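User: I would like to learn how to read the features of a model such as this one. Please take them one at a time, with the rule before the case.

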Amino acid sequence: VGSISYLSDLIIDISNNKTKSIDDLEKDFLDNLNYAITLCVEEVCPIVPEATKILNWPNEDPDNRNYNEIQSKNAFIKTRENIFNLLKKFLFEENF
């Protein structure tokens, strides 16, 4: 619920999105990836085809059951802002 709420602040609606495993993606899709952006810190990052350029942007998972409401909000906003800044940098560096 946190990510839905903190992205809706930016008028980004992900309420109908579902989490997928890389195993759920079609082989043809995976074989034609130019880039894969991973956010994993503690988890094992997915394996993608060798030709894919992998960008590892480790971010702490903000969905921490030990956080109170304020800590959770701050963690989601921090992660959201970090990914946004990394995405802007990526788009600039890759000339998109």
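This is a predicted model: local features need pLDDT of at least 70, side-chain atom pairs count only at pLDDT 80 or more; totals for chains, interfaces and linings use all residues.

User: How many helices and strands are in the chain, and what pattern does the chain follow along the sequence?

Analyst: Helices (H or I, at least four residues) and strands (E, at least two) are DSSP runs, numbered from the N terminus. Here the chain has three helices and two strands, in the order α-α-β-β-α. The C-alpha trace spans about 40 × 30 × 25 Å along its principal axes.

User: What share of the residues in the chain is buried?

Analyst: Buried means under 20% relative accessible area, exposed means over 50%, and partly exposed is in between, with a 1.4 Å probe and protein chains only. The areas come from the Shrake-Rupley method, and for residues only the protein chains shown count as cover. Of the 96 residues in the chain, 21% are buried.

User: How many aromatic pairs does a search of the whole structure find?

Analyst: Rings of Phe, Tyr and Trp (its six-membered ring) pair if their centres lie within 6.5 Å; planes under 30 degrees apart are stacked, over 60 edge-to-face, and the rest tilted. The search finds four such pairs. In one of them, Tyr35 and Phe96 have ring centres 6.1 Å apart and planes at 70 degrees, so this pair is edge-to-face. Tyr35 belongs to strand 1 and Phe96 to the segment after helix 3 (69-93), so the contact ties together parts 61 residues apart in sequence. Phe96 also pairs with Phe90, at 5.6 Å centre to centre and 40 degrees between the planes, which is tilted.

User: Are Tyr35, Phe90 and Phe96 buried, partly exposed or exposed?

Analyst: Each falls in its own class. Phe90 is buried, with a relative accessible area of 9%. Tyr35 is partly exposed at 27%, and Phe96 is exposed at 64%. Tyr35, Phe90 and Phe96 form one aromatic cluster together with Trp57.

User: How many salt bridges are there by the rule?

Analyst: A salt bridge is a side-chain nitrogen of Lys or Arg within 4 Å of a carboxyl oxygen of Asp or Glu. That rule gives five salt bridges. One of them joins Asp9 to Arg80, at 3.9 Å from N to O. Asp9 sits in the loop between helix 1 (2-8) and helix 2 (27-31) and Arg80 in helix 3, so the bridge ties together parts 71 residues apart in sequence. Arg80 also bridges to Glu81, at 2.9 Å, and Asp9, Arg80 and Glu81 are linked in a network. Arg80 is buried at 16% relative accessibility, whereas Glu81 is partly exposed at 31%.

User: Where do Lys89 and Glu93 lie?

Analyst: Both are in helix 3, four residues apart, about one turn of the helix. Lys89 is partly exposed, with 47% relative accessibility.

User: Which residues form the negative surface patch, and which form the nonpolar patch on the surface?

Analyst: Patches are made of residues with over 30% relative accessible area and no salt bridge: like charges are joined within 9 Å, and nonpolar side chains (Val, Leu, Ile, Met, Phe, Trp, Tyr) within 5 Å. Lys and Arg count as positive and Asp and Glu as negative, leaving out His and the chain ends. A charge is placed at NZ of Lys, CZ of Arg, CG of Asp or CD of Glu. The negative patch is formed by Glu42, Glu43, Glu60, Asp61 and Asp63. Glu43 lies in the loop between strand 1 (35-38) and strand 2 (53-56) and is partly exposed at 46%. The nonpolar patch is formed by Ile37, Leu39, Leu87, Leu91 and Phe96, with about 440 Å² of accessible area together.

User: What is the phi of Asn95?

Analyst: Most residues other than glycine have a negative phi. Asn95, although not a glycine, has a positive phi of about 60 degrees. Asn95 is in the segment after helix 3 and is exposed, at 69%.

Terms used: Residues are numbered from 1 along each chain as its sequence is written. Side-chain values use heavy atoms; hydrogens and water are left out. Accessible areas come from the Shrake-Rupley method with a 1.4 Å probe; for residues, only the protein chains shown count as cover.
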